[in-house]
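Work through these exercises with the structure open beside you. Try each task before you read its solution.

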Amino acid sequence: MGRRRRRLAGAAGVGAGALPEAIAALSQSLPAGPSPEVFRRAKFDRPEAASALWRLLFHVLSPLGAVGASASLGPEARARWVKSALSSQGYQRPALARLPEDGSQGSRELLLALSWLLARGPLLERLLAQTRVRLGDEVPALECESLAWPGPGVEAEGPVDVRRVQWLLGKLRLRWRGLASGQREHSALLSKIHRYTYGCHGNHSLGHLSVTETEALRDPENGRQLLQALERENARLEAAVRWRACELVYWQWMDTVLGACPPEVPAAASQPTSLPRIPEHRAGELELVARELQGLQEALREAAEPRRAAWEARVGGQGQGPRGSFSRRAVQEAVQQQLAALQRSWEQDPGPARPLGPHRLVRSRDGTAAGQGLQAAEVIGMLRSQEACLEAVLHQLQGQCRQELARLAGALPALVWIPPPGR
Amino acid sequence: MSIVTVQLGQCGNQIGFEVFDALFSDSHCSQGFCSKKENEAYQASCKERFFSEEENGVPIARAVLVDMEPKVINQTLSKAAQSGRWKYGQHSCFCQKQGSGNNWAYGYSVHGPRHQESIMNLIQKEVEKCDSLSGFFIIMSMAGGTGSGLGAFITQNLQDEFSNSLRMNQIIWPYGTGEVIVQNYNSILTLSHLYRSSDALLVHENDAVHKICAKLMNIKQISFSDINQVLAHQLGSVFQPTYSAEGSSHYRRNPLGDLMENLVPHPEFKMLGIRNIPQMPENSLAYSAFTWAGLLKHLRQMLISNAKMEEGINWQVRPPLSGLPPLGRASVGAEPHFNTSIANLVILRGKEAHSADLEGFKEPALYTSWLKPVDAFSVWRTQRAFRRYEKSAALVSNSQFLVKPLDTIVGRAWNMFASKAYIHQYTKFGVEEEDFLDSFTLLEQIVASYCNL
């Protein structure tokens, strides 16, 4: 792991009080942040600090701040998951991998891991964004963020009956349909609220209230809770600002923490790496997939070769000279255009400055064209074109699957292939 | 969340009326054996699901009535309005002047496309009245002409237009010795089309309900009205409100969704059967007392031995010992046959429902090998009694209940098809031999899948 060195650019203001302030600011701005004592204890690798840091790392690494998931996992499973998540993010310190999973030790290593995550990217900002108090009704994020690794869950145990898989897939589909119905209902109700509260909002560009605002007005208790939530968020944001101002001190301190670690044991061969285990039968499948890939590449080569040769023959005949070079250039341009079109149709066109992230839903009366923000019609258009692209890809893949199945079935003469019911 | 019902044909409309009537009268029943507050919550939940409100306060059933001739629809409308307690919407029906003569192909290829727009408009209007739509009930017969062909067409349309809403078809399985000579053709065409466009097929067997009327209800001259009332009782015992979770006191918002998630997520296994216990004439209710242990013991044996009702159960059938295949598993025709389940849902209503012990339903031996009881078995409860039964239990089961009847129908249809009998009636209106063959293939596959549990 690289050591993040911060040059002291002449600033000598690193007094004794600056470090506690920095740690306090950090712990206040982290969600589920442990107390500053935990940080101090961790430098000396005290065992009592370990479980708080395991919990914090779990929270910080979970894709969507999965608070619910932590309740269902025991400490061992949590620790295992944290280790695998860190390693798939590229964290390589063997000492972390060696930590026992009962949560009893290793607070210094955990502190190092946390600081590594903090140093890598805008971790604090991401966490703060996740837990924002939302005042408006929001459209769900338009980009589907794929989870880079599976969340904490069940590991597969041996071969599974395909009917069970079909059963589970069917359940997922039914739930999906239920979700779509639920969203439709949600939209209808939101629309009603927006209609009924038109004219009630102080901010005329918004015009109507959101659900949160309506609830806050309806019941003073809700209003009080909303105020408290906002105050808490404010406190965290202020802490984050303070942290940014004095984080230099923290990094200097982390250097000393790293220095306090025992030197690394060079022989890594005796330690098992924490790569995900591939069960035996899966290794066979990987081989199969690799062979299929090779086969596809060969098929592509075989298909491309004669075409290229034929093309060369044709072009070669055209010869040199201005006409030849002109036609070559025209062909090149045409090819460029086609490639660009292909690329466009594959990549999702980001569209006119479409900002990522959630948007507040605002219903406007006809005639008042909103200057800022996205129009619903635009978004619908974009989503529809995305849907069309994805459907095209789906049909193509389905066609490929069908061809492959037909080929496999054709290879066995005694086999009668009955496709499953479905339109 | 609300459910919109589409009542198709004579069968669908007559049954639909009895269903709404049973739901309404149960929810307004004074003897719920529970507190007033509880009763009001129950009522409100039932109302949101099945009825909408009009200015003068009379609840309107969330239903669209469709038939090719006006007689049955008019009867249904007037019966509902007569009661004064609830009614159908004035403009919720679609009918034509002439019938379709039991011709499936005519219903599917001619009536369907011709009247598609009008019917779907009616359904759309009904959907717009719902604050949130859970899904559709489509009540239809499997073997008749209008109901079955048109029903298959409408279900397909619902799949296209409301793809995220759930579709449950209530199918009436015809008498084994039915009168319509092409009923087996109609049945296989209906089933195969519905399997592709519906999410769940809840099957009501006429033969079984007839026996219930004769043996349990002691009715001498059994009319369709009697049969439909028993059917409505069964459906009501499933879809009336239940608590959303163990220990909760709030009513479940989306029973249709929850039921489907628990019972029919697998695309090959969509056929559901209902059993309920106890079932008796109304005037005997006051003289009967039951324990949950007794009721559930009988219900479990009904499940295992594929009994249709609580009398005449074969107690010899036992779950297989672990590791051994159940008796007579491989062949469809062997008796006695242990009924393997994929998934089961038990619904308990009445006094002390929370204390009833259901361990008997959680044995792994009852279920197929690829689902554990924790995934395969679910239970819904409420303390509020259903239709004055102090304790009652219903079972919705995705199991081998219908393998034998299905196999019988497919076999008979195939025999007719082999000699091309009556095929011209179908090809005349665009249902080709190819379509028949596709249907046979699909249904054979389903029978095989259910047999190989």
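A residue counts as buried under 20% relative accessible area, as exposed over 50%, and as partly exposed in between. Keep in mind that this is a predicted model.

**Exercise 1. A histidine in a helix**

Task: Classify B:His115 by its relative accessible area, and find which residues it touches.

Solution. 
Step 1. B:His115 is in helix α4 (residues 104–128) of chain B.
Step 2. Apply the cut-off. The relative accessible area of B:His115 is 6%, so the residue is buried.
Step 3. List the contacts. Leave out residues up to four places away in sequence; B:His115 then touches B:Met68, B:Phe94 and B:Gln96.

**Exercise 2. Helix pairs**

Two packed helices are described by the angle between their axes and the distance between the axes.

Task (a): How are α3(A) and α5(A) oriented to each other?

Solution. 
Step 1. Take the angle. The axes of α3 (residues 50–61) and α5 (residues 75–88) of chain A come within 10 Å and cross at roughly 55°.
Step 2. Compare with the cut-offs. Under 35 degrees is roughly parallel, over 145 roughly antiparallel, 65 to 115 roughly perpendicular, and the rest oblique. Therefore α3(A) and α5(A) are oblique to each other.
Step 3. The crossing of α3(A) and α5(A) is left-handed.
Step 4. Sort the contact. The residues where α3(A) meets α5(A) divide into 9 nonpolar, no polar and 3 charged. Among them are A:Trp54 and A:Phe58 in α3(A), with A:Trp81 and A:Leu86 in α5(A).

Task (b): How are α5(B) and α6(B) oriented to each other?

Solution. 
Step 1. Helix α5 (residues 146–161) and helix α6 (residues 183–197) of chain B pack at about 5°, with axes 9 Å apart.
Step 2. So α5(B) and α6(B) are roughly parallel to each other.
Step 3. Residues in contact include B:Ala152 and B:Gln156 of α5(B), and B:Thr190 and B:His193 of α6(B).
Step 4. By class, this contact has 2 nonpolar, 8 polar and 1 charged residues.

Task (c): How are α8(A) and α11(A) oriented to each other?

Solution. 
Step 1. Helix α8 (residues 123–130) and helix α11 (residues 220–260) of chain A pack at about 175°, with axes 11 Å apart.
Step 2. So α8(A) and α11(A) are roughly antiparallel to each other.
Step 3. Residues in contact include A:Leu124 and A:Leu128 of α8(A), and A:Leu237 and A:Trp243 of α11(A).
Step 4. By class, this contact has 6 nonpolar, no polar and 3 charged residues.

**Exercise 3. Aromatic rings**

Task: How many aromatic pairs does a search of the whole structure find? Then classify two of them.

Solution. 
Step 1. Count. The search finds 33 aromatic pairs over all chains.
Step 2. Take A:Trp167 and B:Trp370. Their ring centres are 6.1 Å apart and their planes are at 70°, so the pair is edge-to-face. This pair crosses between chains, from helix α9 (residues 162–196) of chain A to the loop between β11 (341–350) and α11 (373–376) of chain B. Both A:Trp167 and B:Trp370 are buried.
Step 3. Take B:Tyr243 and B:Tyr251. Their ring centres are 5.3 Å apart and their planes are at 25°, so the pair is stacked. Both B:Tyr243 and B:Tyr251 are buried.

Definitions and conventions
Residues numbered from 1 in each chain as written. Chains lettered and ligands numbered in written order. Predicted model: local features only at pLDDT ≥ 70, side-chain atom pairs only at ≥ 80, totals over all residues. Heavy atoms only, no water. Axes fitted to C-alpha atoms, helices over the stretch in contact; angles between N-to-C directions. Helix = DSSP H or I, 4+ residues; strand = E, 2+ residues; numbered from the N terminus. Left-handed = near helix turned anticlockwise from the far one by under 90°. Contact = heavy atoms within 4.5 Å. Nonpolar A, V, L, I, M, F, W, Y, C, P; charged D, E, K, R; others polar. Phe/Tyr/Trp six-rings, centres within 6.5 Å; stacked < 30°, edge-to-face > 60°. Buried < 20%, exposed > 50% of the residue type's maximum accessible area, 1.4 Å probe, protein only.
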